Amino acid sequence: MTESITIIDNRTGNQLEIPISHGGVSAAEWQKLLPGIWFHDPGLTATAFCESTITVVDGENGILRYRGYPIEQLAEKSNYLEVAYLLLHGELPSAVAFDQWRHEVTMHTFIHENVRKRFLEGFHYDAHPMGMLVSAVAALSTFYLDAKDIFDPESRNKQITRLIAKMPTLAAAAHRFSVGMPFVYPDNSLDFCSNFLSMMWKVAEPRFDANPTLARALEILFILHADHEQNCSTTAMRVVGSSHADPYSCCAAACAALYGPRHGGANEEVIKMLTEIGSIENIPSFVEAVKQGHGRLQGFGHRVYKNYDPRAKIIKRTADDVFAITGKNPLLDIALKLEEIALNDEYFTSRRLYPNVDFYSGLIYQAMGFPLEMFPVLFAIPRTAGWLAHWQELLDQDSKIVRPRQLYVGAEPREYVPLSQR
Ligand code: ACO
């Protein structure tokens with residue numbers, strides 16, 4: 001079988017054979033035969049936006065791998081900082097390299113006092129923490145002017161380290177401000193996740209030691225959320241990065257994309273849905289309403305996964321460990337029953353709708369005490385590693401600036417009519 005396609009321009013009879021490479025065909029080849037004929041692909045559902053070596057998602061078979069490593073193995077055996085290193089460098093670190101990386105991240109957790117005092121504390125008292133995070137990340141670009149040297153490897157590494165290290169600090173600061181609690185400085189004697197939990201929950205004790213099971217659960221959630229190839233926020237990162245903006249501005253754009261309820265807000269929607277259902281008896285009527293087209297089963301279905309999301313399986317197991325410490329989230333029983341009913345219902349099975357990563361993650365975050373508004377913020381912290389890995393890859397590929405075409409369907413040329421005559 002020839003791995004190519006042939007296109008024929010029926011207007012002229014001209015034809016062109018294009019090789020299929022890695023499951024795609026080159027649009028540049030297409031242009032040779034058909035200049036000025038564009039692909040109409042809103043949502044980029046059929047467009048391979050780039051070549052990438054970072055993450056692969058096989059949605060048919062429910063497989064997710066970072067740099068070739070199955071997500072199940074990373075979630076079980078690794079930690080977030082090691083996974084961040086893997087995403088950024090393509091290989092797992094040696095023991096020496098890991099120590100160095102951990103040390104560097106730990107030494108960059110503090111934020112400039114002006115970011116906190118003048119910037120974060122300037123927000124309205126009820127500001128949403130994700131809105132604060134988007135702005136604070138963008139503001140960092142004004143503190144690190146060397147960030148503009150994006151082709152200087154030393155500067156690039158420094159900004160990457162700073163961003164990974166400062167995200168939890170900014171995230172916790174945004175939460176503390178939104179609930180009127182004083183800012184907690186990073187504790188550099190703690191590991192990445194324990195330090196974040198300390199900045200979130202510390203009150204007056206000299207040192208906050210997070211429950212190790214909860215810190216590990218957060219670590220697993222961070223590993224699972226570290227990358228997911230060309231999702232909406234990563235695409236935003238690549239689009240802005242293609243203009244050669246500094247990494248803080250790119251990351252702020254990615255955070256902004258994650259703020260949307262279709263992306264980073266789905267687990268919040270799951271909690272709202274389960275709360276609205278209220279009790280197990282109400283599930284059948286709720287499912288019936290969804291089948292009649294009244295709303296969707298939140299946390300179900302995925303553009304890419306047409307099988308059980310592998311992350312959802314891991315999260316479900318993690319939930320048991322968390323609830324053993326925090327007590328069971330009262331919404332869990334409703335979630336379990338809802339999943340069981342949906343997975344045995346022809347409507348959902350025929351459409352290949354399975355639980356996605358968001359179905360159980362919100363239950364864990366809620367049981368750990370995080371308010372709903374913090375859910376997208378909790379997503380942004382680990383996804384920063386993925387964003388930066390893609391940003392770096394983009395720059396190394398010397399990609400063109402992203403500048404798509406459009407199919408113009410607006411008004412024909414017409415003459416301007418002065419205001420007095422309209
Ligand atoms: N509940 C009920 N029906 C659904 C659901 C759902 N959650 N998801 C899809 N369907 C149905 C659609 O109504 C449609 O049915 P039809 O063919 O009879 O019209 C069919 O399944 C296909 O749906 P699409 O909208 O075409 O699927 P798409 O790939 O565009 O959407 C999405 C994927 C947005 C995730 C969708 O499944 C959804 O809205 N899920 C709920 C929200 C959610 O959980 N989002 C988190 C995604 S994971 C993440 O972003 C981290």
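The model is predicted, so local features need a pLDDT of at least 70 and side-chain atom pairs count only at pLDDT 80 or more, while totals for chains, interfaces and linings use all residues. Residues are numbered from 1 along each chain as its sequence is written, and side-chain values use heavy atoms, with hydrogens and water left out.

Let's begin with strand 3, residues 55-58. Helices (H or I, at least four residues) and strands (E, at least two) are DSSP runs, numbered from the N terminus. In a regular strand the side chains alternate between the two faces of the sheet. Strand 3 has Thr55 and Val57 on a covered face, and Val56 and Asp58 on an uncovered one. Its partner is strand 4 (residues 63-66), and the two pair in the antiparallel sense over 4 bridges; pairing requires that DSSP finds at least two bridges between the strands. Look across from valine 56 and you will find arginine 65 as its bridge partner in strand 4. The two strands form a hairpin with 4 residues between them, and glycine 62 in the turn has a positive phi of about 65 degrees.

Next, the aromatic rings. The whole structure holds 19 aromatic pairs. Rings of Phe, Tyr and Trp (its six-membered ring) pair if their centres lie within 6.5 Å; planes under 30 degrees apart count as stacked, over 60 as edge-to-face and the rest as tilted. Tryptophan 30 and phenylalanine 39 make a tilted pair, because their ring centres are 4.7 Å apart and their planes stand at 35 degrees. Tryptophan 30 is buried, at 18% relative accessible area, whereas phenylalanine 39 is exposed, at 51%. Here buried means under 20% relative accessible area, exposed over 50%, and partly exposed in between (1.4 Å probe, protein chains only). Phenylalanine 359 and tyrosine 360 have ring centres 5.0 Å apart and planes at 90 degrees, so that pair is edge-to-face; both residues are buried. One aromatic cluster is formed by Tyr80, Phe192, Phe196, Trp201, Phe222, Tyr365, Phe370 and Phe375.

Rings also meet charges here. The charged end of arginine 156 sits over the ring of tryptophan 391, 5.8 Å from its centre. A charge sits over a ring if NZ of Lys or CZ of Arg is within 6 Å of the ring centre and within 35 degrees of the ring normal. Arginine 351 lies over the face of tyrosine 347, at 3.8 Å from the ring centre.

That last pair leads us to the ligand. A polar side-chain atom of tyrosine 347 lies 3.3 Å from a ligand nitrogen atom, and an N or O atom in the side chain of arginine 351 is 3.0 Å from a ligand oxygen atom. From the backbone, an N or O atom of leucine 297 lies 2.7 Å from a nitrogen atom of the ligand.

Finally, some loop residues. Most residues other than glycine have a negative phi, and most peptide bonds are trans. Histidine 22 has a positive phi, near 50 degrees. You will find histidine 22 in the loop between strand 2 (15-19) and helix 1 (27-33), exposed at 80% relative accessibility. Arginine 67 also has a positive phi near 50 degrees, and is found in the loop between strand 4 and strand 5 (69-70). Threonine 109, in the loop between helix 4 (95-106) and helix 5 (113-119), is buried at 5% relative accessible area.

Key. A polar contact is a pair of N or O atoms within 3.5 Å; within protein, one must be able to donate a hydrogen and the other to accept it, and residues adjacent in sequence count only if both atoms are side-chain atoms.
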